[in-house]
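Me: Hey, can you walk me through some of the helix packing in this one? Here it is.

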Amino acid sequence: MSFSLSEQNDTIIALATPQGVGAIAVIRLSGKDAITLTNDVFFGKNLEKQDSHTIHFGTIRDGEKIIDEVLVSLFIAPKSFTKENVVEISTHGSSYIINQVLKLFIRKGARPAKPGEFTQRAFLNGQFDLAQAEAVADLIHADSETSHQAALSQMRGGFSSEIQELRSRLIHFASMIELELDFGEEDVEFASRGELRTLVERLLRVVEELILSFDLGNVIKNGVPTVIAGKPNAGKSTLLNALLNEEKAIVSEIAGTTRDFIEDEINIGGVIFRFIDTAGLRETTDTIEAIGVSRTQEKMKSASLILYLFDLGDTDLVEINRDVNKLENQGVPFLKVANKVDKGNTELISELKEKHPDTIFISAGKKENLEDLKARILVLVNLDKFRTGNTVVTNVRHYDSLVKTRESLLDILGGLDNQVTNDFVAMDIRRSLHFLGEITGEITTDDLLENIFRNFCIGK
């Protein structure tokens, strides 16, 4: 999905609201002829004589045939999303009306927009940088408070401004070293190596912090994969149903009922958690159940959080200690959740409170103490850094560029330590600038832009 120069001069059109029948639909045009084309089929005021950011009532007609009564919103260049002339036509949401309007404009000379073409034009016309353009898609797909906040912050340029500041500092030194290369035969130093080292070390600290933030950013954007694990009949399916407030999983007193994993999403405190109910962990000769147990163990290894659930009426401290040791060795954050507290062994409960004071006691069947469980889950996610306004990396492309930037910065320091010649130092600085520039779009390729914008919806 590459865009030629001639295509960028086209007037494009697309449905900007979801497909399907609804009360209204919005059809968007962008390009130098957007207002002229609309005026040719609009019966009402002369749109070419109206001000920007105004709305006008009239009808869209194909010759003498009235297609629909509409509202037309005008955004005159450069005061629009794409910095081109933009028209948004609000019609009734009939699929017949939508298709008739689209076909009419295409006959008049508009071209169907490609995925992300409106946002790509906004980027190419300098409305915002590439990181902000990607945030538009993230904002559209945000399904929680935290993912919405992260996308909105990036779209407003919080992440971009930090990257651009880093890059501008490095550009100064790059230009000074390039100047030294022009005076290669003379013993001059325009760029202090000590100041360059100080700057690179400072940049490394910032880049490292951004890289480390990606784990949190990935959680915010994609949700937290959370495995509910434990022995058969520990109440895993009951807990999933209680958290969801629906009978998602089959609950039975027969051990081994869940043989594959059952997954659903829950919003807790503005964060999406993907809870996965798994087959009970035990030795079994049943082939199908054994496959389920194996899949449970794989899910536990790839999880971001494990809820280790055990039945207070059907276990002992020795078994719990053994399972906790296994989980600690696995290296995945986990919570110890003691279920069926209403039926529990009082001696075991006392032992747990002494030996494992961080245990959470619940009754999934009676939905008791679930709010405390949710609160503890949120503590483990640790959103404090995000909520204090720190920049958080949520995009894997940005993460990859930051990792490459770190490698290049380390190469600069290595070159300074080994007193390499200026041309090698300059080359490492240019590499660092290149990878930082990839994030915000100072450095782009057609393949990069195609890969980013093809994932957008058509009308955006």
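Reply: Helices (H or I, at least four residues) and strands (E, at least two) are DSSP runs, numbered from the N terminus. This is a predicted model, where local features need pLDDT of at least 70, side-chain atom pairs count only at pLDDT 80 or more, and totals for chains, interfaces and linings use all residues. Residues are numbered from 1 along each chain as its sequence is written, and side-chain values use heavy atoms, with hydrogens and water left out.

Me: OK, what do the buried residues of H13 pack against?

Reply: Strand S11 (305–311), helix H12 (317–330) and strand S13 (360–361).

Me: And which residues in H13 are buried?

Reply: In H13 (residues 346–355), Leu348, Ile349 and Leu352 are buried, meaning under 20% relative accessible area; exposed is over 50% and partly exposed is in between (1.4 Å probe, protein chains only). They cover an arc of only 100° around the axis, so they sit on the same side of H13. That arc is taken from the directions from the helix axis to the C-beta atoms.

Me: What does the face turned away from the buried side carry?

Reply: Exposed residues: Thr346, Glu347, Lys353 and Glu354.

Me: You mentioned H12. Is Glu319 in there buried or exposed?

Reply: Glu319, which belongs to H12, is buried, with a relative accessible area of 15%. Leaving aside neighbours within four places in sequence, Glu319 is in contact with Lys231, Tyr308 and Asp314.

Me: Switching to H8, how far apart are its end C-alpha atoms?

Reply: They are 28 Å apart, which agrees with the 28 Å that the 20 residues of H8 (residues 193–212) should span at 1.5 Å a residue. The expected span is 1.5 Å times one less than the number of residues.

Me: Which residues of H8 are buried?

Reply: Leu196, Leu199, Val200, Leu203, Leu204, Val207, Leu210 and Ile211. Seen down the axis of H8, they fall within an arc of 145°, so they line one face of the helix. On the other side, Glu195, Arg205 and Leu212 are exposed.

Me: Last one: which residues meet where H5 packs on H18?

Reply: Leu130, Ala133 and Glu134 in H5 meet Leu448, Leu449, Ile452 and Phe453 in H18. The residues of that contact divide into 6 nonpolar, no polar and 1 charged (Ala, Val, Leu, Ile, Met, Phe, Trp, Tyr, Cys and Pro count as nonpolar, Asp, Glu, Lys and Arg as charged, and the others, Gly among them, as polar).

Terms used
Contact = heavy atoms within 4.5 Å.
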